[in-house]
Structure formats: structure tokens, C-alpha cells
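Here is a note for a colleague who is meeting this structure for the first time. Please read the points in order, with the structure open beside the text.

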Amino acid sequence: MIALLLYLLVGVGLLVFLWLLARRKGAPVEGCGRQFVEARQALRTLQEGLLPDNLIQRIFDRDDFRYVMASSPGDIGELFLQERKRISLMWVRRVRCEIRNLMQFHLDYSRLHAKLSLLTEIRLGLDFAVLLLACRALRILLYLRGPYGARAVVGVMTTAAGRVCAVSEESLAFLNPLALESFRRDSTGDGAAI
Amino acid sequence: MDVLAAADDLRRRTLVEMTQPLERLIYLASMRDYNTGLYYHQGLATRFSEEAACEALAGCHREAFEELVDASLEELVHELEAYLQNTRVAPSGFIAAWKGLEPYRVAVPVGIDSLSSELVFSNLKVALAILESRLAARPEPGASRHLSPVQ
């Protein structure tokens, strides 16, 4: 009797699950131009505003810290660390926000337009997961250890972000083919195309 | 084509005398009308066209800002010091005005990402503090005169 009840419960559960799947709405194909433009904007912000090597190097450059400590009183050192921590946290927050925008776009729309292979999609999913985890870890590390306490995590984050940008570039290529060509020419390895 | 020629002309005739990006940034920002966001330079506009002059000024302004983003804190302190010397204003007055008014905040070109501008503002804030502490450590020019009778 108990076994019968269990089977019934499992059966009802599966039916409910199927019903929920059937009710789930896919992303509308028509009228999604705004989402594409927003995703393109997020990608451009990442590539040109947040991930350029020189900017990241400047934010996390230890030479500035050494210079301040060697040439100024302690209170200026503290001011510098506070400021650099604020900027690095702002950087993480902005990267996370743009990555989430891109992730949402991939979840909702990109599959309708880009012919991504299953392997690419799995890699992309892993990269998004790594990025969001790295963002969270980096925020905690920056709070606890200051701007110079998480250089390795910054490296992981920028590399994964570069890969995500490259795949997103393919998905959004039809919006700006000329720019894509120039990005391809200028891209180096796994880094973001700047 | 006109824009490139105008930018080249601007660099050769006017900006060549301004070796520091900070100086160029402040100068070029002053060429911009705050109500329209458009740049105006009479000499350039006469030689080329208003549009070409505007584009050339905007490009050079952006260039100067990007150089500041790339500058290390040490370079920024030197630039600020050189700028202060060029203004021929009393150092204490200059530092008080820059700390209070933060005039560099309105000198950012259009289209710059807010993170880059925040990084430059933050570095300038620290550079000003370093410069202030250095100036406080130096004896005032008149101080030795006042002290000499006591010695």
C-alpha cells in the first residue's frame, strides 16, 4: 500500500513537472531588438570600458601603493588604500552587472540567432558560473584584504570574461559586422578584444 | 580628412606647448560649451570648419584624458606639480580650490566610461593630498626671513 502511494506521488510529481515545462514561455522571437542592442551595449562596455588591460593594470598596480608608502605620511597611504578599494569594488560590481546582462541575453535570446554548438554552450555556461563566483569571491577578498589581496582572482575573472565576450561577439555579430572584423583583427588569445 | 588636418594643426600650433596631459585636458575642456557640449576654437574654425574644429578638439580632449587614465600616481603628482607652477597661483590657494571645487570633474570628455573617470578623480584626490603634504613640509618662501632675526 505504501509502495503504491509512493508510485502515485512520483507520478503526480512528474505530471506537475511536465505541466510546468509546458507552461514555460520561450523568449519571443519578434520584438526582441531592444534586448540585442542592450546586449551589444553590455558587451561594448565590458570590452572598451571595463576589461582593457591597461585599466586593470592601473587599478591593481602595486607600484602606486609603493610610491605612496615611500613618499608620503601614513594617513595619505590610508586614503590611497581606501580610494583604490572603492575603485576596485566599483570595477567588480560593474563587471558583474554587465556579465549578468550578457548571461540573461544568452539564456533568453541568443540561441534563436546564433548557431552555438552544444560544447560551446556548455563552456559558456561554465564561464558564466566561474565569472559570477569569481566576482563574489573577489568582492569578499577586496573587502577583507584590500585592493592588492586578490590578484589571482582578478586574472581568472578577466580571462573568463574575455572568453564570454568572444562568444557573445559571435552571437551579436549580425548587429555590427564591420566592428566584428576589427575586433577579430585586434583580439589576442583568450583576452577580451579591445 | 579635414578633422585629421585640424587635429594635426591643433597639436602642432597649440598643444605642443602643453607637455602635460593634465594641462591639455583642462585647456581643451575650457574650449567646450557646457550648454551644448560642442567645442569651439576660433582659429581652427576659420582655417578649417566649425565641425572639423569641434571634432578635432573632442578627439584631442579624449586623447589627453586617456593619457591621464594610463598615468601612474607618481606621474600624476609630477603633472599636478608642473600644472601648479604654470598657473602661477599661490600653492595653498590652488590646493584649496582643487580640493573644494574639484574642477577636474567637469573636464571629462563625452563618452568616457564612468569607471575610468572615477579612477582619474580618485588618483587626482590622492595626488593633491601628496602635493599638499610636500608643500607643508617645505619652508614658506618668507618664513626664513621672519626666522632669521630670532636665530
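1. Two terms are needed at the outset: helices (H or I, at least four residues) and strands (E, at least two) are DSSP runs, numbered from the N terminus, and the expected span of a helix is 1.5 Å times one less than its number of residues. Helix H2(A) has 18 residues and reaches 24 Å from its first C-alpha to its last, close to the 26 Å expected at 1.5 Å a residue.

2. This is a predicted model, in which local features need pLDDT of at least 70 and side-chain atom pairs count only at pLDDT 80 or more, while totals for chains, interfaces and linings use all residues. Residues are numbered from 1 along each chain as its sequence is written, and chains are lettered from A and ligands numbered from 1 in the order in which they are written.

3. Chain A has eight helices and zero strands, and its elements, from the N terminus on, run α-α-α-α-α-α-α-α. A residue is called buried if 20 or more other C-beta atoms lie within 10 Å of its own, exposed if 12 or fewer, and partly exposed in between, with C-beta atoms placed from the backbone; by this rule 28% of the 194 residues of chain A count as buried. Two residues are in contact if their C-beta atoms, placed from the backbone, lie within 7 Å, and among contacts in chain A between residues at least 6 apart in sequence, 81% join residues at least 24 apart.

4. Returning to H2(A), its buried residues are A:Ala39, A:Ala42, A:Leu43, A:Thr45, A:Leu46, A:Gln47 and A:Leu50. Helix H2 (residues 33–50) of chain A packs with helix H7 (residues 151–171) of chain A at an angle of about 145°, their axes being 11 Å apart; axes here are lines fitted to C-alpha atoms, for helices over the stretch in contact, and angles run from 0 to 180 degrees between N-to-C directions. In this contact A:Ala39, A:Leu43, A:Leu46 and A:Gln47 of H2(A) meet A:Ala161, A:Cys165, A:Ser168 and A:Glu169 of H7(A). By class, the contact of H2(A) with H7(A) has five nonpolar, two polar and one charged residues, where Ala, Val, Leu, Ile, Met, Phe, Trp, Tyr, Cys and Pro count as nonpolar, Asp, Glu, Lys and Arg as charged, and the others, Gly among them, as polar.

5. Chain B likewise comes to eight helices and zero strands, and its C-alpha trace spans about 65 × 30 × 25 Å along its principal axes. Buried residues make up 34% of the 151 residues in chain B, and of the contacts in chain B with a separation of 6 or more, 76% are between residues 24 or more positions apart.

6. Within chain B, H4(B) has 21 residues and reaches 30 Å from its first C-alpha to its last, close to the 30 Å expected at 1.5 Å a residue. The buried residues of H4(B) include B:Ala56, B:Leu57, B:Cys60, B:Ala64 and B:Leu68, and the buried residues of this helix pack against helix H1 (2–13), helix H2 (21–29), helix H3 (42–47) and H7 of chain B. The axes of H2(B) and H4(B) come within 9 Å and cross at roughly 145°.

7. B:Ala64, which lies in helix H4 of chain B, counts as buried because it has 23 C-beta neighbours inside 10 Å. Not counting residues up to four places away in sequence, B:Ala64 touches B:Pro21, B:Arg24, B:Leu25 and B:Leu28. The C-alpha atoms of B:Ala64 and B:Gln20, 44 residues apart along the chain, are separated by 8.6 Å.

8. Where the chains meet, the contact takes 16 residues from chain B and 22 residues from chain A. On the side of chain B that touches chain A, helix H4 (50–70), helix H5 (73–87) and helix H7 (114–137) of chain B each supply at least two residues, and the largest share, ten residues, comes from H7(B). The residues of that side of chain B divide into seven nonpolar, four polar and five charged.
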